[in-house]
Amino acid sequence: MRYFLLLFFISFTHLVQAQQSFQVRLGFTASSSTQYQLKFTDQGVEKTIAMSKDGSKWMFKGTINQKEPVYASIIQLEDGEFESVKSFWLGAGVVDIKKKKDDDIEDAEVISKHPYQLHQNELDRLVRPISVQKSMIEAKLSLQTPREDVRAYLRQIDSLEKREEQVKRNYIRMYPDRYIGLHAMSYSMMDWGVDSTKVLFEKMSAALKETSYGLKVQKYISLNKNIQEGSDVVDIVQLSPTGDTLRLSDLKGKWVLIDFWASWCGPCREQNPELVDLYKKWKDKGFEIFAVSLDQRKEDWLAAIKKDSLSWLHVSELNEFENTAAYVYGVNAVPTNYLVDPKGKVVKKDLEPDEIDEFLSEVFHSTTKHQKRRAQTNHSLTSQTVAKALKPTQ
């Protein structure tokens, strides 16, 4: 009996020691239409904590069970709708969140002694000048601007994003054993490419490589096939909404749009009506859509398919960005798509619906003209053959 009591005491003591109590204090008040929620994942379980009041101060209180640091987010809701988000590192102790009265939560200052947050602040300071420039250009894009200006702005944003990713890679080179660098890598690795990621990852310690983010990077390095325009398509084998196994390779001989999407993705849902029209127009000509959902909840996935009237092929593993095909194809954002030709070659990536329509119009129009010429040639040859056959011998 003593032995079991001792085991219970040791196990309970270990559990208590593993738990980390925290307080996130909000140094501001919210209007009647504004709500804040604290969200984070603890040992694979998503948690949402509501605000509580301690005297005159609003705060979030709770515990963390996992040993690894937690990357948490405060979500700002206006009249129940998402408005803004602020992410930070959460551990044992107190975190203060301060902001000006009219600012959104994303502009708040995080005051914490947690070493991971201090490292994050250091990286953020290096990136901030680039982020400010991006925000200014994005503000111009939100206005009604000529198409030529939009293209120029997008090129500027692309250039700034490349500079931003270079800053992160340089930070990892300087501090290869910092968890913050590994965290940044796990989010940016698909933009960097498998070769650059592998070189930087090899510089990190064995301990970092065995963390959850480290295992994620290892999975990317082992699965990614660096799919580009001109690459052979890699087969995708996953389950349909009815539980049937669907294979991308079964569609060889058709033009196929591989569409990575999710029910929670606003831009995906916005373009679905255009894809519906596109599919109706070209499906009988030899065109198919193979949609890979990065949803987690099956009911959300099925509801979106039904509501948006998506009648093409659908598959999913219901594990969001941990989807095997997302790692193979290097998908870190949705919507992402690949247009595949009948021979199984990737010919285009990330096309808008109108661009797909224009491309297919050229393809099928060219095919129709070729078929007509071929038919006319065959008819001519047949006529000549008949003429020869009917020509009387001399």
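What follows is a short tour of a predicted model, from a sheet to a disulfide, then on to rings, charges and a helix.

Five of them make an open sheet, in the order 4-5-1-8-9, and the pairing is mixed. Which strands stand at the edges? They're strand 4 (52-54) and strand 9 (109-111); each has a single partner strand, so one side of each is left without a neighbour in the sheet. Going from one strand to the next, the twist averages 30 degrees.

Strand 4 pairs with strand 5 (residues 57-64) in the antiparallel sense, over three bridges.

**The disulfide**

In general, a disulfide is a covalent bond between the sulfur atoms of two cysteines. How many turn up when the whole structure is searched? The search finds one. It joins Cys265 to Cys268, with 2.3 Å from S to S. The torsion about that S-S bond is about 80 degrees, so the disulfide of Cys265 and Cys268 is right-handed. Are these cysteines buried or exposed? Both Cys265 and Cys268 are buried.

**Rings meeting rings**

To describe a pair of aromatic rings, you give the distance of the centres and the angle of the planes. This model has 15 aromatic pairs, and here are two of them.

| Pair | Distance of centres | Angle of planes | Type |
|---|---|---|---|
| Phe28 and Tyr36 | 5.4 Å | 70 degrees | edge-to-face |
| Tyr279 and Trp312 | 5.5 Å | 75 degrees | edge-to-face |

Why do both count as edge-to-face? Planes over 60 degrees apart get that label, and the angle is 70 degrees for Phe28 and Tyr36 and 75 degrees for Tyr279 and Trp312.

Phe28 and Tyr36 are both buried. For the other pair, Tyr279 has a relative accessible area of 7% and Trp312 has 6%. Buried means under 20%, so Tyr279 is buried and Trp312 is buried too.

Where do Tyr279 and Trp312 sit along the chain? Tyr279 is in helix 8 (residues 266-282), while Trp312 is in the loop between helix 9 (298-307) and strand 14 (313-316), so this pair ties together parts that are 33 residues apart in sequence.

Tyr71, Trp89, Tyr116, Tyr179 and Tyr213 form one aromatic cluster.

**Charges over rings**

Next, look for charged ends sitting over rings. The charged end of Arg178 sits over the ring of Tyr175, 3.7 Å from the ring's centre. Over the ring of Phe201 you'll find the charged end of Lys209, 5.5 Å from the centre.

**Two sides of helix 9**

Turn the model until you look down helix 9. Trp301, Ala304 and Ile305 are buried there. Seen down the axis, the buried residues of helix 9 fall within an arc of 100 degrees, so they line one face of the helix. On the other side of helix 9, Lys306 and Lys307 are exposed.

**A last stop in a loop**

Finally, find Leu251 in the loop between strand 11 (245-247) and strand 12 (255-261). Leu251 is buried, with a relative accessible area of 11%. Along the sequence, Leu251 and Phe290 are 39 residues apart, while in space they are 9.0 Å apart, C-alpha to C-alpha.

Methods: Residues numbered from 1 in each chain as written. Predicted model: local features only at pLDDT ≥ 70, side-chain atom pairs only at ≥ 80, totals over all residues. Heavy atoms only, no water. Pairing = 2+ DSSP bridges. Helix = DSSP H or I, 4+ residues; strand = E, 2+ residues; numbered from the N terminus. Axes fitted to C-alpha atoms, helices over the stretch in contact; angles between N-to-C directions. Disulfide = S-S within 2.5 Å. Buried < 20%, exposed > 50% of the residue type's maximum accessible area, 1.4 Å probe, protein only. Phe/Tyr/Trp six-rings, centres within 6.5 Å; stacked < 30°, edge-to-face > 60°. Lys NZ or Arg CZ within 6 Å of the ring centre and 35° of its normal. Arc of directions from axis to C-beta.
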